[in-house]
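Subject: Handover of a structure

Dear colleague,

Please find the structure below, followed by an account of what was found in it. I would be grateful if you would read the two side by side.

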Amino acid sequence: MDKAGLSLDRMRTFVRVAERGNLSMVAKELGVGQSSVTRHLNELEEAVGVPLLSRTTRRVTLTDEGSRYYTNCLQILRLVEQAAEEARDARDAPAGAVRLSCTAALGVMHITRMIFDFQDKHPDIRVDLNLTDQRIDLVREGVDVALRLGPLADSAMKLHALGESQRLLVGAPAYLSARGRPERPADLSRYETVVMSNVAGSDKLLLSSPDGTSLMIPVRGRLRVDHGLAAREALAAGRGIGPTHLWLVHDLLDDGRLEVVLGDYRPSPVPLSLLIAPERAAIARVRLLVDFLAAEVARLPGIRRS
């Protein structure tokens, strides 16, 4: 095996091509000619001994071997970066970038402002914030930390449990006055419900009763949304009732634009967690952001520590 062909530069070129799927885009990004990118890839494939990429006139895609090699390259390159960063951290104040992914509504409503405060305390740390409700692959997307709502299956990631996000049923006073307020859970089937289309089982409402038993109530709704902020607007506009996180609507409850429905019956709380790419957890700036978010998120309305 030609070890010269396995240089870090060639790995970096391969990783960018795998992510971009286009040789000319990578060449422009790296500031080199496309022939240099092609040469690096050819040398790497020759050294490895198997085809890593499948090339067409329009797009470059990974072979099965290339997909496995890509994942390993990501880990190697990030370990190299981590070693250099830890050496710098031992000498200097933490600096550099932290890549944070966060569920969209929580990010807009609260996390963005937390990052302002964090950067005021640590002006040399850059935070790249990605707002998405998709369950991204932290390693593949190059994300250091992800703040997630709901059950997790990322067993390879380092988990920092923040607690549970409490939920409640709410509706606009005008809507409830016009339709009458429900007196028991069974009444809910007669009301419009703002339905979250990206939440499994949203056509049924699971409620916990005061005595601890669970009730499953079928619901209907003419409006289906896939974003928490859209649900917030719909509820405030009187388009129906619906389950929601307290942190999403606490201000609307405080000023009377929403009110709690059937307060003795609550939708199930949702786990809230930080996921950390294991090889990034020891980096000082990542640790600082994780500790800061853990403390600040615990102060949000409706977050109950586990």
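Leu207 stands opposite Pro267 in E14. This is a predicted model, in which local features need pLDDT of at least 70, side-chain atom pairs count only at pLDDT 80 or more, and totals for chains, interfaces and linings use all residues. Residues are numbered from 1 along each chain as its sequence is written, and side-chain values use heavy atoms, with hydrogens and water left out.

Strand E9 (residues 204-208) pairs with E14 in the antiparallel sense over 2 bridges; two strands pair if DSSP finds at least two bridges between them. Helices (H or I, at least four residues) and strands (E, at least two) are DSSP runs, numbered from the N terminus. The open sheet has 3 strands in the order E10-E9-E14, with antiparallel pairing. Its edge strands, E10 (214-218) and E14 (266-267), each pair on one side only.

**Strand E15 and its partners**

Strand E15 (residues 270-276) has 6 of its 7 residues buried, so it is largely enclosed by the rest of the structure. Buried here means under 20% relative accessible area, against over 50% for exposed and partly exposed in between (1.4 Å probe, protein chains only). Strand E5 (residues 145-149) pairs with E15 in the antiparallel sense over 5 bridges, and Leu149 has Leu272 of E15 as its bridge partner. Strand E6 (residues 158-165) also runs antiparallel to E15, joined by 7 bridges; Leu159 stands opposite Leu275.

**Helices H5 and H8**

Helix H5 (residues 104-121) packs against helix H8 (residues 228-236) at an angle of about 75°, with the axes 7 Å apart. Axes are lines fitted to C-alpha atoms, for helices over the stretch in contact, and angles run from 0 to 180 degrees between N-to-C directions. H5 and H8 are therefore roughly perpendicular to each other (65 to 115 degrees; under 35 is roughly parallel, over 145 roughly antiparallel and the rest oblique). Ala105, Val108 and Met109 of H5 make the contact with Gly228, Leu229 and Arg232 of H8, where contact means heavy atoms within 4.5 Å.

**The protein overall**

The protein has 10 helices and 16 strands. Of its 306 residues, 43% count as buried. Its C-alpha atoms fill a box of roughly 75 × 45 × 35 Å, taken along the principal axes.

Yours sincerely
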